[in-house]
Amino acid sequence: MSEYEGIVKMLRFFVQMKNFGYVDRIGNALNPEPVEVTLHEALRAFRSVRESAPVDESGRRYVEKDGKKIPVPGIPTEEEIRTFLDDVRSDIGVAKRVATLALAYPSKKESGGDE
Amino acid sequence: MFLSVGVRFEANVEALNMVETAGNYSKHRRVPYLVEEDGKLKTVYVPALSGESLAHAYQEHLVREALGLGLSVCDDCRRNEFYKSMNKVHLKKKVNPIPDDPRDIEIAIVRSCVVEDVGGFLYAEKPPVRRSSAFQVSYALPVKSVALFATSEPQLHARHAQMDTSSKKGNASEQMIYYVETGTALYGFTFNLDLDAIGVSAITSEPILDENELKIRREAAMRALFRMLSSAQFGAKLSRFFPVGGITEVAVAVTEHPFVVTSPIYDDYIARTERRLKVLEGLGENYLFTVATGEKVPEEALKEAVDYLREQGAF
Ligand SMILES: [Zn+2]
């Protein structure tokens with residue numbers, strides 16, 4: 001699943017923001033259309049949030065939520081999105097696995113913010 | 001008596017139900033919809049209004065109508081804050097000390113507030129007391145046959161801040177651009193009202209109020225619906241996105257027992273409702289069915305229902 005790291009990180013960001021809408025819709029999708037629409041919406045929202053997010057001393061973007069600083073990861077690449085959507089078209093289970101990973105705690109400390 | 005209304009309304013460029021704001025983008029509620037195209041089923045995402053949003057509007061109208069008729073409405077509901085006696089803090093404003101028996105709690109709430117009588121409540125303490133809403137409302141969804149023409153589109157707006165050059169510092173911007181996603185569709189929704197549930201205990205099925213008070217409360221409930229539809233005061237962002245369009249059709253059924261009109265998202269909903277009612281008539285149930293399409297205006301159809309209810313002694 002590491003090939004979808006960018007998407008997982010983006011969805012995980014929304015989870016940390018207590019916005020479960022996107023991850024739930026992707027995880028519960030029964031066919032590819034809802035995944036595609038949700039990903040489009042998530043990317044649209046993510047870009048809006050990211051562009052207005054302040055940058056800290058180390059140059060990372062973050063958003064404050066309930067007094068906690070949540071790092072804003074990078075935007076998933078076009079290539080990754082394309083592969084993901086193609087894979088979802090042939091196996092909807094891919095979407096569920098990506099959503100499940102986004103809900104889990106990351107296994108290693110994530111750098112977050114800008115690369 | 002049971003009232004069921006199917007409503008179709010055209011709304012162009014509306015922002016009646018926004019769901020979230022991300023950065024400078026505020027999104028319209030959208031739902032997946034199953035439509036048939038060239039003999040194949042497909043999922044499309046269409047703009048929608050939640051039943052919660054319509055219910056909130058209805059209850060706001062109910063507050064006004066109830067107060068206009070001299071009925072009791074609690075302080076929270078008067079402010080259109082529908083906490084519905086959810087905990088001790090809110091219930092104590094109505095009855096203090098709080099009784100132990102759930103039946104007494106229900107009686108106290110129903111007596112002191114028409115909105116919680118008609119719209120139900122959930123007192124989530126020990127003992128919990130729950131009362132179902134006497135009215136029901138669906139989501140408003142695009143009419144099936146034209147759902148593929150429904151759109152949701154972001155509109156660009158700018159908010160300006162006046163600044164003279166001396167006070168302008170750094171990268172402070174003079175205008176902020178933002179996007180409001182608007183919906184355009186022919187919507188349909190269903191509204192039901194169980195007039196027999198008003199003022200009657202959900203626990204014992206016994207009337208809590210005297211007949212005269214029951215009648216005035218039923219009338220208030222009807223008036224609120226009338227006002228909501230007639231004024232188009234429902235949904236959000238009306239101040240700058242008042243929908244362009246209006247109610248195109250209503251179908252009103254009044255029956256002795258619960259009966260729900262066929263959903264107005266289907267093109268043949270009026271004919272189907274009529275056929276279904278004919279069957280009920282064969283089983284000995286009286287009813288009124290009236291529609292406003294073309295010639296008749298919605299208010300005329302609703303007035304007929306009000307008159308019929310009065311004839312039947314509902315109020
Ligand atoms: Zn109240």
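Visitor: Which residues are the protein donors of the zinc ion?

Guide: This is a predicted model, where local features need pLDDT of at least 70 and side-chain atom pairs count only at pLDDT 80 or more. Residues are numbered from 1 along each chain, and chains are lettered from A in the order in which they are written. Donors are N, O and S atoms within 2.8 Å of the metal (3.2 Å for Na, K and Ca), with water not among the atoms. Lying 1.8 to 2.3 Å from the zinc ion, the protein donors are Cys74(B) (SG), Cys77(B) (SG), Cys113(B) (SG) and Glu116(B) (OE).

Visitor: What arrangement do the four donor atoms around the zinc ion make?

Guide: Four donors count as tetrahedral if all angles lie between 85 and 135 degrees. Here the angles are 102 to 119 degrees, so the arrangement is tetrahedral.

Visitor: How many residues apart in sequence are the parts that Cys77(B) and Cys113(B) tie together?

Guide: Helices are DSSP runs of H or I with at least four residues, numbered from the N terminus. Cys77(B) lies in helix 2 (residues 75-78) of chain B, and Cys113(B) in the loop between helix 4 (102-112) and helix 5 (114-119) of chain B, so the pair ties together parts that are 36 residues apart.

Visitor: Are Cys77(B) and Cys113(B) buried or exposed?

Guide: Buried means under 20% relative accessible area and exposed over 50%, with partly exposed in between (1.4 Å probe, protein chains only). Cys77(B) and Cys113(B) are both buried.

Notes: Heavy atoms only, no water. Tetrahedral: all angles 85-135°; square planar, octahedral: opposite > 155°, others 65-115°. Helix = DSSP H or I, 4+ residues; strand = E, 2+ residues; numbered from the N terminus.
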